[in-house]
Amino acid sequence: MDHTAHHEGSTHDHHAHRDSAGKGMGGVTWKSAAKATLHCLTGCVIGEILGMVIGTALLWGNVPTMVLAITLAFVFGYSFTLFAVRKAGLDFKSAVKVALAADTVSIAVMELVDNGIIALVPGAMDAQLSDGLFWAALLGGFAVAFLVTTPVNKWMIGRGKGHAVVHAHH
């Protein structure tokens with residue numbers, strides 16, 4: 001049967017399914033949401049650490065270093081998706097649109113949580129790269145950001161948003 005013809009005129013919402021395995025939220029598993037979150041987190045970690053290293057090496061203050069780190073987190077987060085969908089055959093303009101749609105909310109939530117934690121940990125903003133406090137606050141922030149962002153991604157993917165946009169191009 002022609003799949004297109006089968007669904008033509010159908011009002012059936014495939015994203016609203018709930019199954020007995022407890023997937024809910026559009027049949028999205030926690031595993032797939034966690035994988036999408038790890039994908040974004042990887043880019044965020046690379047960009048943020050690189051930004052911290054550059055800002056520290058240039059003897060910048062906290063604010064410009066954080067701005068650079070957050071900017072690079074978005075750049076690296078988007079680039080992972082951009083390269084994947086370009087490899088799948090999308091033109092550059094379409095690939096940029098997919099990356100922005102797929103990752104903006106996820107990266108924003110991650111950056112808000114992890115930088116918020118760093119800002120709230122006493123002494124973390126003044127810690128140097130060689131201090132255990134710096135790394136504990138940063139890595140702890142990433143861990144909490146992962147835990148907060150995974151349900152956000154699960155919800156978005158279940159509604160055909162966020163990382164779900166990427167799957168249409170694989």
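1. Helix α4 runs over residues 92-120 in this predicted model. It has 29 residues. From its first C-alpha to its last it reaches 39 Å, close to the 42 Å expected at 1.5 Å a residue. The helix is not straight throughout: α4 bends by about 45° at Asp 103. At its start, a side-chain oxygen of Asp 91 comes to within 3.3 Å of the backbone nitrogen of Lys 93.

2. The overall layout is quickly told. The protein has 6 helices and 0 strands. Along the sequence the pattern reads α-α-α-α-α-α. Of the 170 residues, 35% are buried. Take the contacts with a separation of 6 or more: 69% of them join residues 24 or more positions apart.

3. The largest nonpolar core has 25 residues. Met 52, Met 110, Ile 118 and Leu 138 have the most contacts inside it. Elements giving two or more residues to this core are α2 (30-57), α3 (62-87), α4 and α5 (132-158). The largest share, 8 residues, comes from α4. In soluble globular proteins, nonpolar side chains tend to be buried together.

4. Which residues does Leu 138 touch, not counting residues up to four places away in sequence? They are Glu 48, Ile 49, Met 52, Asp 114 and Ile 118. Two of these names, Met 52 and Ile 118, are also listed with Leu 138 among the core residues with the most contacts.

5. Helix α2 has 28 residues. Its first and last C-alpha atoms are 39 Å apart, close to the 40 Å expected at 1.5 Å a residue. Its buried residues include Ala 33, Thr 37, Cys 40, Cys 44, Gly 47, Gly 51 and Gly 55. Glu 48 and Met 52 are also buried, and both touch Leu 138. The cover over the buried residues of α2 includes α3, α4 and α5. An α-helix has 3.6 residues a turn, so residues three or four places apart point the same way.

6. Thr 37 lies in α2. Is Thr 37 buried or exposed? Thr 37 counts as buried because its relative accessibility is 0%, against a cut-off of under 20%. Its side chain reaches the backbone oxygen of Ala 33 at 2.8 Å. A polar contact, also of 2.8 Å, joins the side chains of Thr 37 and Asn 153. Leaving out residues up to four places away in sequence, Thr 37 touches Met 110, Phe 146, Thr 149, Thr 150 and Asn 153.

7. Trp 30 is also in α2. Trp 30 is partly exposed, with a relative accessible area of 47%. Along the chain, Trp 30 and Pro 151 are 121 residues apart, yet their C-alpha atoms are separated by 7.9 Å. With residues up to four places away in sequence set aside, Trp 30 touches Thr 150, Pro 151 and Lys 154.

8. Helix α5 should span 39 Å, because it has 27 residues at 1.5 Å a residue. The end C-alpha atoms of α5 are 39 Å apart, which agrees. After α5 comes Gly 160, whose phi is positive, near 75°.

9. Leu 59 is found in the loop between α2 and α3. What is the phi of Leu 59? The phi is positive, about 60°, although Leu 59 is not a glycine. Leu 59 counts as exposed because its relative accessibility is 77%, and the cut-off for exposed is over 50%.

10. Asn 62 lies in helix α3. Asn 62 is partly exposed, with a relative accessible area of 34%. Asp 126 is 64 residues away from Asn 62 in sequence, but the two are 7.8 Å apart in space, C-alpha to C-alpha. Not counting residues up to four places away in sequence, Asn 62 touches Met 125 and Asp 126. A polar atom of the Asn 62 side chain lies 3.4 Å from the backbone oxygen of Met 125.

Notes: Residues numbered from 1 in each chain as written. Predicted model: local features only at pLDDT ≥ 70, side-chain atom pairs only at ≥ 80, totals over all residues. Heavy atoms only, no water. Helix = DSSP H or I, 4+ residues; strand = E, 2+ residues; numbered from the N terminus. Expected span 1.5 Å × (residues − 1). Bend = angle between axes of the 7 residues up to and from the residue. Polar contact = N/O pair within 3.5 Å; in protein donor to acceptor, adjacent residues only side chain to side chain. Core = buried A, V, L, I, M, F, W, Y, C linked by side-chain atoms within 4.5 Å. Buried < 20%, exposed > 50% of the residue type's maximum accessible area, 1.4 Å probe, protein only. Contact = heavy atoms within 4.5 Å.
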